Amino acid sequence: MKLVLNLLVTAVLFFGCQPKDVSKQEVTSLRDGNQKNLLSFANLVLPKILGQEFKRFETEVDKDQKHEAQITYGSNSALTFNDASEYRKTNTEYHSLVLLRISYALALHNFHRLSLSLSKPFFIQGEKNPDAEIQEAEIFRTTISKSDLDLFWENHPQFDPYRAPKLGEKEWENVTGEIQKLWKVELDEFSRVKVE
């Protein structure tokens, strides 16, 4: 009974914390009609895709003197219902889903690189204060070039990133494997997260 209750609570929270339901057609319609200003379009479409997980969107000139789009997302809760052994895998898969949804939405805009950061609150034991406090921390960041994203979408024109993936689905596993080979991991702090 306890196992069933735990699975039910986990399922409700997992599905409740997913990006908002938005269709590929809705995003395509918004994307095709808003190709001029990346900042205003991103601030329009990203909350639709990410819901309350959307934190911020910025652009800046990167080290190559080209425009980098920077997106930060993540839950607003310090609680997690992931098993410690699955925490990295679950969050990496979810990061893949977020990247696919965002990159499809921004495909018609001009930028050199996309930086995607997962940031969330954690219970952190402070050095001066032995009591645990909640602090926001960036734990995973990837970058991917716009040319790699463009090539990916050219090779997968029918793929729908807004359809919820099913566990064990081969197409989903292949696509996430491909996108993970294309991204560069800039920050990986999963090993420092203690899941209890």
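Reader: What should I know about the model before reading its features?

Author: This is a predicted model, in which local features need pLDDT of at least 70 and side-chain atom pairs count only at pLDDT 80 or more, while totals for chains, interfaces and linings use all residues. Residues are numbered from 1 along each chain as its sequence is written, and side-chain values use heavy atoms, with hydrogens and water left out.

Reader: At what angle do α5 and α6 pack?

Author: Two packed helices are described by the angle between their axes and the distance between the axes. Helices are DSSP runs (H or I, at least four residues) numbered from the N terminus, and axes are lines fitted to C-alpha atoms over the stretch in contact, with angles from 0 to 180 degrees between N-to-C directions. Here α5 (residues 146-155) and α6 (residues 170-182) pack at about 160°, their axes 10 Å apart. That makes α5 roughly antiparallel to α6, a term for angles over 145 degrees.

Reader: Which residues of α5 and α6 meet?

Author: With contact taken as heavy atoms within 4.5 Å, Asp-148, Leu-149 and Phe-152 in α5 meet Val-175, Glu-178, Ile-179 and Leu-182 in α6. The residues of this contact of α5 with α6 divide into five nonpolar, no polar and two charged, where Ala, Val, Leu, Ile, Met, Phe, Trp, Tyr, Cys and Pro count as nonpolar, Asp, Glu, Lys and Arg as charged, and the others, Gly among them, as polar.

Reader: How are α2 and α3 oriented to each other?

Author: The axes of α2 (residues 24-33) and α3 come within 11 Å and cross at roughly 175°, and the two helices are therefore roughly antiparallel to each other. Glu-26, Val-27, Leu-30 and Arg-31 of α2 make the contact with Phe-41, Leu-44, Val-45, Lys-48 and Ile-49 of α3; by class, this contact of α2 with α3 has six nonpolar, no polar and three charged residues.

Reader: How many cavities of 30 Å³ or more are counted?

Author: Rolling a probe the size of a water molecule over the atoms shows where empty space is left. A cavity is a set of points, on a 1 Å grid over the protein atoms alone, where a 1.4 Å probe fits but cannot get out, and its lining residues have an atom within 4 Å of a point. Grid points are joined across faces, edges and corners, and a volume is the space filled by probe spheres set on the points. The count comes to one cavity of 30 Å³ or more, and the largest cavity has a volume of about 40 Å³. Its lining consists of Phe-159, Asp-160, Pro-161, Arg-163, Pro-165, Glu-169 and Trp-172, with four nonpolar, no polar and three charged residues.

Conventions. On a 1 Å grid over the protein atoms alone, a cavity is a set of points where a 1.4 Å probe fits but cannot get out, and a pocket is an open set with protein on both sides within 12 Å along at least five of seven lines; lining residues have an atom within 4 Å of a point. Angles under 35 degrees count as roughly parallel, over 145 as roughly antiparallel, 65 to 115 as roughly perpendicular and the rest as oblique.
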